[in-house]
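Hi,

Here is the structure I promised to pass on. Have a look at it first, then read my notes below.

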Amino acid sequence: MAKLVIVESPAKAKTIGKYLGKDYEVTASMGHIRDLPTSQLGIDVEHGYTPQYINIKGKEKLIRELKSKAKKADGVLLATDPDREGEAISWHLANLLGIDPKEPNRVTFDEITKKGVKEGMSHPRPIDEDLFNAQQARRVLDRLVGYKLSPFLWRKIRRGLSAGRVQSVAVRLIDDREKEIEAFVPEEYWNVDATLSASGKKFTARLSSDASGKKLLPRNEAEARAIEQGLQGAVYTVGELKRGKRTKQPTPAFITSTLQQEASRRLGFTATRTMRAAQTLYEGVDIAGHGTVGLITYMRTDSLRISDEAVAAAKEYIAGAYGEQYICPYKRTWKTRSATAAQDAHEAIRPSMPSLTPDEVDKSITGDTAKLYRMIWSRFMASQMADCQMDTVSVTVYAGDYRFKASGFTVTFDGFTALYEEAVEDKEKKETALPPLEQGQELNLVQLKSEQKFTQPPARYTEASLIKALEENGIGRPSTYAPIITTIIDRGYVERDQKKLKPTPLGRTVDSLMLEQFPRIVDVDFSAQMEKNLDKIESGKADWRQTVDEFYKGFDASLQAAEKNMEGKKIKVPDEPSSEVCPLCGKPMVIKVGKYGKFLACSGFPECRGTKRLVKDTGGICPKCGKGRMLERKSARGRIYYGCERYPDCDFMTWDVPVPTKCEKCGATLFRHGSKLYCAKEGCGFEMPVPKGNGNG
């Protein structure tokens, strides 16, 4: 009689079943099978915060099948994901199927390959009660906040609102950034640049100081012009010349947060889209010549550790593909941010078979999974390659009473950059190589140019930078980053604006109320401490009921005080102004949020009930018909695309953002795709790099 192995998904079951053979039956629980009830609190606060779990509605047939299979099987092994949530699913399965959680019935797989499955199956263990209790504590805390706080928001702001413990902190971060932007006062300054030439090669040096070394930064045009006047007839010579060497090291293999950040910057993926593709790569895909195989190690991890076996496999590939000189000559190690041993249980995210290149994989898979695998594989391989070596030079140019500076580098050995370099947001212009220079050498002035600039406010968060902020502040854990962002957008507290996260009027109203009445809930440090407390539960150093009790007593007191403070009060969410006028009465229209999303309504409501569909005009003109405006629209899945307003008469649509820049060849609207702008008009074919400082997209 076969043993029964239970995993979460059919894809994972298929991959593992292939490796285990006929002595095992592998089946899927389809995720969670039990949870707290949706119609009530489901927590006995008076008796130790005991959760009242019920079977999830709609899974009755699946549960009967699992019970039947378990009864017939020669033993049951629970093989859900190797994290807190996976442990919770196994705990519920054990209780439902009558399995003793103290018996060695739990197995985990860090990678779903023949070796990884064999390794996991050879080390069965009891269910980790501490790991489960850490997840249970999180679930109970979030339920208490959500179900106790949401009715308060209904009464004080609007029905249907909800609040989350961690999501509220994320909204606060985004709203605080918006307040910084609004309070920012730009300051004028001027750059004075000299384009110089030596040996026929040009380079640019920037005004730095006066002859005494006092830093100079003109604050207005008059100051800039005075400096230009003072430079008339000046001789430009090489003053101080410093040469050196610089070594650039590769970034480590991905952890969950860095994977989500890099996929956002490099591929334009949302965190949810990234994790969906990563889950598929982990659970297994069909690769020609290899069958169904898990291509990456487990993708929810805080650890930067890499196994010796994987390092050896990487170095073998690097030697063959690039040469021995490209192998890192020493063992690279990176310090993991998390202090708990529990969070270092997994390796960093890496290819399970380093020898399986993206080019080979691309023959079998396409789309998001192929793009993400290439990025994971390349980053891991680069982390085991030699440093990039550069010769650097910095020069101070003397010109009368002024000093200019320029710097540059020359790559002497590309090392890991031959394969991969980390993407960065708002990437500045790179340094470039300077021509050969000698001290005292006279330089030719090609152009002296002054340019007006203004200091810039802090940028709004993108998904990548928000995930980085959450991680740096210790808020949430690898498995929570994607759901946090999805939740605050779905609730209408935050919206995407050209990939930037912007608080809505509703989000700002809720955040203001939370900050006033529940300051601890939205306090970054308090939330970070709660994460540390959950880590203590996981490592067996704290009791989960006591941790919940300490939180709930303070929260309940705040809730009662808030009810008293706001008795009889209701907060109105401010309407969002628009440039549209009401077609019925001519009054300004405002943006409101209804059951089906945003719409335009007359500001004279209820006297005037004029409404209009809300469309966002991008300012571009359709390249296909040349008549219709390009409007921003949303797909059924909530993804933004751009289409002609004359649809269905004109069916042009694109995922690429229309930009104000016009085609130099035909004058049509240009669209942005990655780092290039292109003309979509048939037969034109014009392309150009995105101009520096172009904020579109």
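How much accessible surface does the protein have, and what share of it belongs to carbon and sulfur atoms? The accessible surface is about 34,900 Å², and 49% of that belongs to carbon and sulfur atoms (areas come from the Shrake-Rupley method with a 1.4 Å probe, and for residues only the protein chains shown count as cover).

A bit of housekeeping. This is a predicted model, where local features need pLDDT of at least 70, side-chain atom pairs count only at pLDDT 80 or more, and totals for chains, interfaces and linings use all residues. Residues are numbered from 1 along each chain as its sequence is written, and side-chain values use heavy atoms, with hydrogens and water left out.

Now the overall picture. The protein has 17 helices and 29 strands (DSSP runs numbered from the N terminus: helices are H or I with at least four residues, strands are E with at least two). Its C-alpha atoms fill a box of roughly 95 × 80 × 55 Å along the principal axes. Of its 697 residues, 48% are buried (under 20% relative accessible area; exposed is over 50%, partly exposed is in between, with a 1.4 Å probe and protein chains only).

Then the strands. S8 (188-198) and S9 (201-210) pair in the antiparallel sense over six bridges (two strands pair if DSSP finds at least two bridges between them). They form a hairpin with two residues between them, and Ser199 in the turn has a positive phi of about 55°. Ser197 stands opposite Lys202 in S9. S9 also pairs with S14 (402-413), antiparallel over four bridges, and there Leu207 has Phe404 as its bridge partner.

Last, find Asp81, in the loop between S7 and helix H3 (84-97). Asp81 is buried, with a relative accessible area of 6%. Leaving aside neighbours within four places in sequence, Asp81 has contacts that include Glu8, Lys12, Arg106 and Arg300 (contact means heavy atoms within 4.5 Å).

Cheers
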